[in-house]
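Work through the exercises below with the sequence and the 3D view open. Try each task before reading its solution.

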Amino acid sequence: MQHFEVNYDGLVGPTHNYAGLSFGNVASLANAKAVSSPKSAALQGLMKMKALHDLGMKQGVLAPQERPDIYALRRLGFTGTDGEVLYKAATEAPAIFQAVCSASSMWTANAATVSPSADTANGKVHFTPANLTNKFHRSLEPVTSGNILKAMFAHERYFEHHTHLPDNEHFGDEGAANHTRLCEQYGHAGVEIFTYGRYAFDSSQPAPQKFPARQTFEASQAIARLHGLTDDNTVYIQQNPDVIDQGVFHNDVIAVGNQNVLFYHEQAFRDTEQKFAEIQQKFGDNPVHFIEVKTSEVSVQDAVSTYLFNTQLITPPDGIMTIIAPTECEENPRVKAYLDSLVERDNPIKRVKFFDVKQSMRNGGGPACLRLRVALNDEELKAANPNCLMSDSLYKRLTQWVDKHYREELAVDDLRDPALLEESRSALDELTQILKLGSVYPFQQD
Ligand SMILES: N=C(N)NCCC[C@H](NC(=O)CCC(=O)O)C(=O)O
């Protein structure tokens with residue numbers, strides 16, 4: 001049996017914009033109200049997907065969500081036709097209105113936590129959508145994320161879907177952005193590492209002072225229980241509260257893992273030594289490569305501004321472990337020098353490829369934020385929706401679709417344009433046909 005790590009990237013939605021919605025995410029606030037380009041954003045994402053496909057990786061596509069979220073506005077008491085709802089919300093509550101327009105579902109590392117079948121008690125692949133409670137605009141995502149994942153991984157013999165955790169800060173869950181899996185081979189049982197920012201039910205424990213910790217220990221534990229993981233294959237490790245206060249709002253901004261490698265910043269975690277010993281013990285006899293980047297080599301500030309750790313660490317079929325980095329890493333001389341030296345050192349990482357995902361980076365989303373990793377064996381892959389897998393023809397089809405439906409530019413004030421809602425819906429309607437998803441969007445179910 002063959003095993004693969006499939007990267008499912010979020011397709012950037014037609015309302016991609018910079019609204020400054022994410023307190024604690026430095027880039028989001030710094031670029032608030034800048035003019036975005038939904039078309040370039042979507043094309044940049046598609047180019048990265050195609051490049052990984054060309055490297056021989058299995059690459060999937062996750063559909064964006066419907067925005068503006070009229071249904072959320074109706075729940076908040078705005079009434080009338082869709083156009084009236086939009087107008088009233090934009091005029092009377094502009095901040096709420098901007099939040100319901102966000103294309104944030106593009107960062108699919110936050111769509112769900114996924115446990116491969118080799119790790120789970122019942123031998124199925126488990127999915128739990130992230131509730132994303134910490135930010136209102138992101139808390140609108142889990143129901144549709146769950147529907148899309150169910151439509152893509154429908155076969156009950158192989159896949160099990162859970163409801164997102166209770167919508168409450170006590171169980172704040174940000175999905176795979178705080179979840180790393182180490183393994184010998186993708187099909188072997190692995191160690192699932194859950195990283196959290198604070199304890200919800202124990203205020204005596206350290207927590208960040210300035211910026212929010214979005215993920216709680218209790219949420220991570222609940223996911224592990226739902227997925228049928230055991231103490232033997234899970235490790236819980238707290239993020240260093242100080243780095244959250246420096247803009248590390250998800251663990252994937254300061255650490256990334258793949259197979260037997262954990263690439264991380266010296267300041268990433270709390271109780272590092274003890275926790276790494278536990279990871280090694282649960283991993284087994286072969287050594288885990290813990291690749292530490294010292295503050296003297298790359299500061300936390302440089303790591304946050306370049307997203308050195310929000311890189312994808314992948315093993316394509318040629319066996320060369322590769323870092324997929326944003327061009328910001330190439331443009332920063334210290335980070336570039338570090339990466340040049342990294343591939344010369346004695347460790348499994350031997351190649352770096354740079355991609356321009358600047359449209360996403362300006363909202364704090366690097367290459368790793370844009371993808372959800374799903375490790376599958378060949379039977380499970382066969383059972384997954386084949387129309388969501390990247391190919392030369394799907395790439396062509398989707399770039400044409402973007403060219404047809406997406407705007408070149410979008411300012412925050414343009415979000416109130418009722419035509420944008422119609423454009424968005426007709427784009428998504430066509431997309432569900434291209435990806436053969438069925439009626440996953442609320443507007444298709446009215
Ligand atoms: N690290 C990972 N995995 N994901 C990055 C998510 C970025 C996203 N930005 C935003 O939602 C900004 C939207 C705005 O400001 O318009 C967030 O903060 O949740």
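**Exercise 1. Find which residues come nearest to the ligand, then sort the shell by class.**

Solution. Start with the nearest of the 22 residues around the ligand: they are S22, S28, A109, A177 and C369. Here a residue is near a molecule if its C-beta atom, placed from the backbone, lies within 6 Å of it. Next, sort the shell: eight residues are nonpolar, eleven polar and three charged. In this scheme Ala, Val, Leu, Ile, Met, Phe, Trp, Tyr, Cys and Pro are nonpolar, Asp, Glu, Lys and Arg are charged, and the others, Gly among them, are polar.

Two notes on the model. Residues are numbered from 1 along each chain as its sequence is written. The model is predicted: local features need pLDDT of at least 70, side-chain atom pairs count only at pLDDT 80 or more, and totals for chains, interfaces and linings use all residues.

**Exercise 2. Locate the "active site" positions and describe the surroundings of E174 and H250.**

Solution. Take the record first. The unreviewed UniProt entry puts the feature "active site" at E174, H250 and C369; such annotations may be inferred rather than shown by experiment. These positions spread over 196 residues of sequence, yet cluster in space, with a largest C-alpha distance of 11.1 Å.

Now E174. It sits in the loop between β5 (159–161) and β6 (179–182). Helices (H or I, at least four residues) and strands (E, at least two) are DSSP runs, numbered from the N terminus. E174 counts as buried because it has 31 C-beta neighbours inside 10 Å. The cut-offs are 20 or more other C-beta atoms within 10 Å for buried, 12 or fewer for exposed, and partly exposed in between. Beyond four places in sequence, E174 contacts N110, A130, L132, R214, Q215 and H250; a contact means C-beta atoms, placed from the backbone, within 7 Å.

Then H250. This residue lies in the loop between α9 (241–244) and β9. Leaving aside neighbours within four places, its contacts are E174, A177 and N178.

Note on methods:
Two residues are in contact if their C-beta atoms, placed from the backbone, lie within 7 Å.
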